[in-house]
Amino acid sequence: MVFALREELGGSAGMIARVARQLGCGVGSLRRWAAQAEVGAGAGAGVTTSESAELKRLRQENRELRSANGILQRAAVFFGAEPDRRQR
């Protein structure tokens, strides 16, 4: 509704507030939803929902790998191996 009204009226002031009243939701919520819809459609700058989910997953994986690496380094020190030794 926001995008249709924007095309029809050319982006007049108070448009989001009018649509929010019609839908019975908050102006701030509708403004965020419209901004996210623009990003998702490629019309606005920002991170899409799918990119955000992938970034969250990759950050979690990175934390887990760093933790596992730390555990392995401590185990190598405990068992007397050199922690920086790499196989050639």
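Let me begin with a definition: a residue counts as buried under 20% relative accessible area, as exposed over 50%, and as partly exposed in between, with a 1.4 Å probe and protein chains only. By that scale E38 is partly exposed, because its relative accessible area is 24%.

The model before you is predicted: local features need pLDDT of at least 70, side-chain atom pairs count only at pLDDT 80 or more, and totals for chains, interfaces and linings use all residues. Residues are numbered from 1 along each chain as its sequence is written, and side-chain values use heavy atoms, with hydrogens and water left out.

I turn to the overall composition. The protein has 4 helices and 0 strands, where helices (H or I, at least four residues) and strands (E, at least two) are DSSP runs numbered from the N terminus. Read from that terminus, the order of elements is α-α-α-α. Of the 88 residues in the protein, 14% are buried. A contact here means heavy atoms within 4.5 Å. Among contacts between residues at least 6 apart in sequence, 16% join residues at least 24 apart.

Next, the helix packing. Axes are lines fitted to C-alpha atoms, for helices over the stretch in contact, and angles run from 0 to 180 degrees between N-to-C directions. For orientation, angles under 35 degrees count as roughly parallel, over 145 as roughly antiparallel, 65 to 115 as roughly perpendicular, and the rest as oblique.

Consider helix α1, residues 2–9, against α3: the two pack at an angle of about 80 degrees, with their axes 11 Å apart. The pair is therefore roughly perpendicular. On the α1 side the contact is made by V2, F3 and R6, and on the α3 side by L30, A34, A37 and E38. The contact of α1 with α3 then divides into 5 nonpolar, no polar and 2 charged residues.

E38, with which I opened, has its place in helix α3. Its C-alpha atom is separated by 9.2 Å from that of T48, 10 residues apart along the chain.

How do α1 and α2 pack? Their angle is about 135 degrees, and their axes are 10 Å apart. The two helices are therefore oblique to each other. α1 passes α2 in a right-handed crossing; a crossing is right-handed if the near helix is turned clockwise from the far one by less than a right angle, and left-handed if anticlockwise. The contact is formed by V2, L5, R6 and L9 of α1 together with M15, I16, R18 and V19 of α2. These residues comprise 6 nonpolar, no polar and 2 charged.

Leaving aside residues up to four places away in sequence, V2 touches M15, I16, V19, L30 and A34. The C-alpha atoms of V2 and R18, which are 16 residues apart along the chain, are separated by 9.2 Å.

The remaining pair to report is helix α2 (residues 15–23) with helix α3 (residues 27–41), whose axes come within 9 Å and cross at roughly 110 degrees. α2 is therefore roughly perpendicular to α3. This crossing, too, is right-handed, as α2 passes α3. I16, A17, V19, A20 and L23 in α2 meet V27, L30 and R31 in α3. The contact of α2 with α3 contains 7 nonpolar residues, no polar ones and 1 charged.

Finally, the aromatic rings. Rings of Phe, Tyr and Trp (its six-membered ring) pair if their centres lie within 6.5 Å; planes under 30 degrees apart count as stacked, over 60 as edge-to-face and the rest as tilted. By this rule there is 1 aromatic pair. F78 and F79 form that pair, edge-to-face, at 5.0 Å centre to centre and with 85 degrees between the planes. Both F78 and F79 are exposed.

Methods:
Ala, Val, Leu, Ile, Met, Phe, Trp, Tyr, Cys and Pro count as nonpolar, Asp, Glu, Lys and Arg as charged, and the others, Gly among them, as polar.
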